[in-house]
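Open the model in your viewer and show the chain as a cartoon. The stops below go from the whole chain to single residues.

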Amino acid sequence: MFAQPETWVAIAFLILMGIFAYVGVHRTVLSALDRRSARIKGELDDARRLKDEAAKLLADYKARHASAEHEAQEIIASAKAEAERIAAEAKVKMEDFVARRTKSAEGKIASAEAQAIADVRAAAADAAVAAASSILSNSVKGQLADDLLAKGVSEVRTKLN
């Protein structure tokens, strides 16, 4: 049995294990493993904490984005309403301007028409006076003609003007 190499390997292994146990290598290995386990656990805890913070930040940014999107929609709606209000005011002002211009033009036309009628009446009165004067001066003579002529001219002027 001592002639087989496996036996000597087993004896050497047991002696080596005995030396390791005597020196305390198992405590060193266990403490190194414990430290490594604690370090890994700390890194996992940090990773979880960072993941939670990232999730919170993501939720916060999503909420801000939604808020900004909502605010942008409100601004657009407000701008559209303001543009429609300005367009309506401009339309009302334009209609008022056109109505005033039309009324002014109608007033000027009425004034010009009244002036034209007055001019025509004055011309007709002058023609009638001239005709009456010519007729009366040819048919009636003397003081009576002058009195009738003056009276007729004044009556024609008052009636035609």
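The tour starts with the ground rules and then moves along the helices.

**Ground rules**

This is a predicted model, in which local features need pLDDT of at least 70, side-chain atom pairs count only at pLDDT 80 or more, and totals for chains, interfaces and linings use all residues. Residues are numbered from 1 along each chain as its sequence is written, and side-chain values use heavy atoms, with hydrogens and water left out.

**Stop 1: the whole chain**

Zoom out. The chain has three helices and zero strands, in the order α-α-α along the sequence. The radius of gyration is 62 Å, well over the 15 Å that the globule rule gives for 161 residues, so the chain is more spread out than a compact globule. Helices (H or I, at least four residues) and strands (E, at least two) are DSSP runs, numbered from the N terminus. The radius is taken over C-alpha atoms, and the globule rule is 2.2 Å times the number of residues to the power 0.38.

Now look along the principal axes. The C-alpha trace spans about 190 × 25 × 15 Å.

**Stop 2: surface and charge**

Buried residues (under 20% relative accessible area; exposed is over 50%, partly exposed in between) make up 4% of the 161 residues.

Colour by charge. The chain carries 24 positive and 23 negative charges, and their mean positions are 4 Å apart. Lys and Arg count as positive and Asp and Glu as negative, while His and the chain ends are not counted. Each charge is placed at NZ of Lys, CZ of Arg, CG of Asp or CD of Glu.

**Stop 3: helix α1**

Select residues 5-23. Helix α1 has 19 residues and reaches 27 Å from first C-alpha to last, close to the 27 Å expected at 1.5 Å a residue. The expected span is 1.5 Å times one less than the number of residues.

Pick T7, in helix α1. T7 is buried, at 17% relative accessible area. T7 touches M1 and F2, leaving aside residues up to four places away in sequence; contact means heavy atoms within 4.5 Å.

Step to G24, which follows α1 and has a positive phi, near 95°.

**Stop 4: helix α2**

Select residues 25-139, helix α2, and find K56 there. K56 counts as exposed, at 62% relative accessibility. Its C-alpha lies 16 Å from that of S67, eleven residues apart along the chain.

Move to A125, also in helix α2. Is A125 buried or exposed? A125 is buried, at 3% relative accessible area. Draw a C-alpha distance from A125 to E84: 60 Å, across 41 residues in sequence.

**Stop 5: helix α3**

Finish at residues 143-160, helix α3, where L148 is found. L148 is partly exposed, at 41% relative accessible area. L148 and S133 are 15 residues apart in sequence, with C-alpha atoms 9.6 Å apart.

Definitions and conventions:
Buried < 20%, exposed > 50% of the residue type's maximum accessible area, 1.4 Å probe, protein only.
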